[in-house]
Amino acid sequence: MEETSDPVAVLTDDQCWERLRDQELGRLVTRVGDVIDIFPVNYVVDGESVLLRTAQGSKLFELTVNDQVLFEVDDHDDTNAWSVVLRGRAAALDTTYEVERADGLGLRPWVPTLKHTYVRVQAASLTGRAFQRAPEPDRYGVQDY
């Protein structure tokens, strides 16, 4: 993040992908009708897409009803924080080639359950912000204009 007086910086696409590659846990947001769900998922970045694994269930069902999703990842330390949101479409991998290739990326479930289905979230847009963490300015004192 560049040194600036603004505590919030817009991240470039490259900076967003770099941050996504450095993490393993994100949140997948789905929508079916009026129902919005959010699922914590571990993932890997593959090119300009995100791969996750899932079992049969509500997450996979919802992705087949409406493939438009959000995927969000964030992180922080004592002085900085960031958040990246990927908007895109999710689809289960269905060819032997795609699945074999995905098997080679090292994505393993964090919990001891069988998750046979790979899902790719292909990015349509990517946005990110980085934040400098610091105490709140005086809310009631003299303010600079």
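Which side chain of opposite charge is nearest to Arg53, and how far away is it? The legends below take up this question after an overview of the chain.

**Figure 1. Overview of the predicted chain.** This is a predicted model, in which local features need pLDDT of at least 70 and side-chain atom pairs count only at pLDDT 80 or more, whereas totals for chains, interfaces and linings use all residues. Residues are numbered from 1 along each chain as its sequence is written, and side-chain values use heavy atoms, with hydrogens and water left out. The chain has three helices and seven strands, these being DSSP runs numbered from the N terminus (helices: H or I, at least four residues; strands: E, at least two), and along the sequence they follow the pattern β-α-β-β-β-α-β-β-α-β. Taken along the principal axes, the C-alpha atoms fill a box of roughly 65 × 35 × 30 Å. Of the 145 residues, 34% count as buried, where buried means under 20% relative accessible area, exposed over 50%, and partly exposed in between (1.4 Å probe, protein chains only). The accessible surface comes to about 9600 Å², of which 50% belongs to carbon and sulfur atoms; accessible areas come from the Shrake-Rupley method with a 1.4 Å probe, and for residues only the protein chains shown count as cover. Among contacts with a separation of 6 or more, 70% are accounted for by residues 24 or more positions apart, a contact being heavy atoms within 4.5 Å.

Figure 2. Arg53 is buried yet has no salt bridge, and the nearest side chain of opposite charge, that of Asp103, is 5.5 Å away. For this assignment Lys and Arg count as positive and Asp and Glu as negative, while His and the chain ends are not counted; a salt bridge is a side-chain nitrogen of Lys or Arg within 4 Å of a carboxyl oxygen of Asp or Glu. A polar atom of the Arg53 side chain lies 2.9 Å from the backbone oxygen of Leu107, and one lies 3.0 Å from the backbone oxygen of Lys115. Such polar contacts are pairs of N or O atoms within 3.5 Å; within protein, one must be able to donate a hydrogen and the other to accept it, and residues adjacent in sequence count only if both atoms are side-chain atoms. Leaving aside residues up to four places away in sequence, Arg53 touches Leu107, Arg108, Pro109, Lys115, Thr117 and Tyr118.

**Figure 3. Salt bridges of Asp46.** A search of the whole structure finds five salt bridges. In one of them, the side chains of Asp46 and Arg101 meet at 2.6 Å, N to O. This pair links distant parts of the chain, with Asp46 in strand E3 (residues 35-46) and Arg101 in helix H3 (residues 96-103), 55 residues apart. Asp46 also forms a salt bridge with Arg120, the closest N and O atoms being 3.0 Å apart. Because Asp46 lies in strand E3 and Arg120 in strand E7 (residues 117-132), the pair ties together parts that are 74 residues apart in sequence. Asp46 is buried, at 10% relative accessible area, and Arg120 is buried as well, whereas Arg101 is partly exposed, at 37%.

**Figure 4. The salt bridge between Arg89 and Asp67.** The closest N and O atoms of Arg89 and Asp67 are 2.6 Å apart in this salt bridge. Here Arg89 belongs to strand E6 (residues 80-92) and Asp67 to the loop between helix H2 (58-65) and strand E5 (68-76), so that the pair links distant parts of the chain, 22 residues apart. Both side chains belong to partly exposed residues, Arg89 with a relative accessibility of 45% and Asp67 with a relative accessible area of 27%. Elsewhere, salt bridges that share partners join Arg27, Glu72 and Asp74 into one network.

Figure 5. Asn42 is found in strand E3 and counts as buried, at 13% relative accessibility. The side chain of Asn42 reaches the backbone oxygen of Arg108 at 2.8 Å, and the residues that Asn42 touches, not counting those up to four places away in sequence, include Leu25, Leu107, Arg108 and Trp110.

**Figure 6. Gln15 in helix H1 (residues 13-21).** Gln15 counts as partly exposed, at 29% relative accessibility, and a polar atom of the Gln15 side chain lies 2.8 Å from the backbone nitrogen of Thr12. The C-alpha atoms of Gln15 and Val84 are separated by 9.5 Å, the two residues being 69 residues apart along the chain.
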